[in-house]
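The sequence and the structure come first.

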Amino acid sequence: MRRVAVRFAYLGEGFSGSQIQPGARTVEGEMRSALHKVCGLDDPDLDLRIASRTDKGVNALGNVAVFRTGIEDPETLLRALNAVSDGVFYTAFAEVDEDFNPRHASSREYRYVLPSKDLDVDLARECAGLFVGEHDFARFCRPDGKSTVVTVDSIDVSTEGETVVLTYHARFFLWNMVRRTAAAIRSVASGHSTLDDVRSALDGNDVNFGIARADALTLTSVDYDGLTFTPSHSHVLSEKVGECAFSSDLRRGFYTALQD
């Protein structure tokens, strides 16, 4: 038996979040089903652990899972997992020690996309800067009993076409933290709130900016010191991605035609 870390991706649409829940379709549930088929192991032997939990509707391009398997060739493993999985894509692998914990990442990156219409990008950038560094994010998270003090390494603000993209870097994030800070940035950049409102919330005052939509958020990467992932070159993955991209183009063409 060996222990393997894999990078995996999914669109949040169609999943009730990443964490397994009774009676609901989740990313972890889909992954466990695929691992049972491919590895032939029950849950205690698999010892599946996932780096980051995501809420219903949230996407991931670079989440990480760790589990045990008796399959010697990692490329064969990923090819088999991609063949039997529905909506989950396995993109890279790395061998890890038994004591490796995927929750203990050195850095996480999230990407949040806002429509740029009526947004002042300079104000968005200035507002994002208020969240960088160590702050108490009690007013920008859903409390779960953990400390609400977090150090944000950076929030980059850029424009892509008709969108404003917020790219967050930190070792970890609180529940709903990215979506709530993104809502604050949008509110300030659209003129509905001020920078002082955000400063006041960071000081612990009762200011609520709401929560931004889930499907515009993507966990883009989870990184570890000293660990390098090898990309999968499986034709099964390529074919699945190609088919999904084609289906997406068909839908885009339909919606575009409605505006003609």
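In this predicted model, D118 is placed in the loop between β5 and α4. With a relative accessibility of 62%, above the 50% cut-off, D118 counts as exposed. The backbone of D118 has a phi near 65°, which is a positive value in a residue other than glycine. Another case is D47, in the loop between α2 (43-46) and β2 (49-50), where phi is near 50° and again positive in a residue other than glycine. Most residues other than glycine have a negative phi.

**Helix packing**

Two packed helices are described by the angle between their axes and the distance between the axes. The table sets out two such pairs.

| Helix pair | Angle between axes | Axis distance | Handedness of crossing |
|---|---|---|---|
| α3 (residues 74-84) and α7 (residues 235-257) | about 30° | 8 Å | left-handed |
| α4 (residues 121-130) and α5 (residues 177-189) | roughly 140° | within 8 Å | right-handed |

Since angles under 35 degrees count as roughly parallel, the value of about 30° means that α3 and α7 are roughly parallel to each other. Their contact is formed by R79, N82 and A83 on the α3 side, which meet H235, V236, L237 and K240 on the α7 side. By class, the residues of this contact comprise 3 nonpolar, 2 polar and 2 charged.

The contact of α4 with α5 divides into 8 nonpolar residues, with no polar and no charged ones.

L123, which belongs to helix α4, has a relative accessibility of 28% and therefore counts as partly exposed. Leaving aside residues up to four places away in sequence, L123 touches V188, A189 and L195. Between L123 and G29 there are 94 residues of sequence separation, and their C-alpha atoms lie 41 Å apart in space.

Which residues have the most contacts inside the largest nonpolar core? This core has 78 residues, and those with the most contacts inside it are Y112, F131, L166, Y168 and V198. Helix α5 supplies the largest share of the core, with 8 residues.

S107 lies in strand β5 (residues 107-115) and is buried, because its relative accessible area of 17% falls under the 20% cut-off. Apart from residues up to four places away in sequence, S107 touches H169, A170, R171, S221, V222 and D223.

Q259 and K117 are 142 residues apart in sequence, while the distance between them in space is 18 Å, C-alpha to C-alpha.

Notes:
Residues are numbered from 1 along each chain as its sequence is written. This is a predicted model: local features need pLDDT of at least 70, side-chain atom pairs count only at pLDDT 80 or more; totals for chains, interfaces and linings use all residues. Side-chain values use heavy atoms; hydrogens and water are left out. Axes are lines fitted to C-alpha atoms, for helices over the stretch in contact, and angles run from 0 to 180 degrees between N-to-C directions. Helices (H or I, at least four residues) and strands (E, at least two) are DSSP runs, numbered from the N terminus. Angles under 35 degrees count as roughly parallel, over 145 as roughly antiparallel, 65 to 115 as roughly perpendicular and the rest as oblique. A crossing is left-handed if the near helix is turned anticlockwise from the far one by less than a right angle, and right-handed if clockwise. Contact means heavy atoms within 4.5 Å. Ala, Val, Leu, Ile, Met, Phe, Trp, Tyr, Cys and Pro count as nonpolar, Asp, Glu, Lys and Arg as charged, and the others, Gly among them, as polar. A nonpolar core is a set of buried Ala, Val, Leu, Ile, Met, Phe, Trp, Tyr and Cys residues joined through side-chain atoms within 4.5 Å. Buried means under 20% relative accessible area, exposed over 50%, partly exposed in between (1.4 Å probe, protein chains only).
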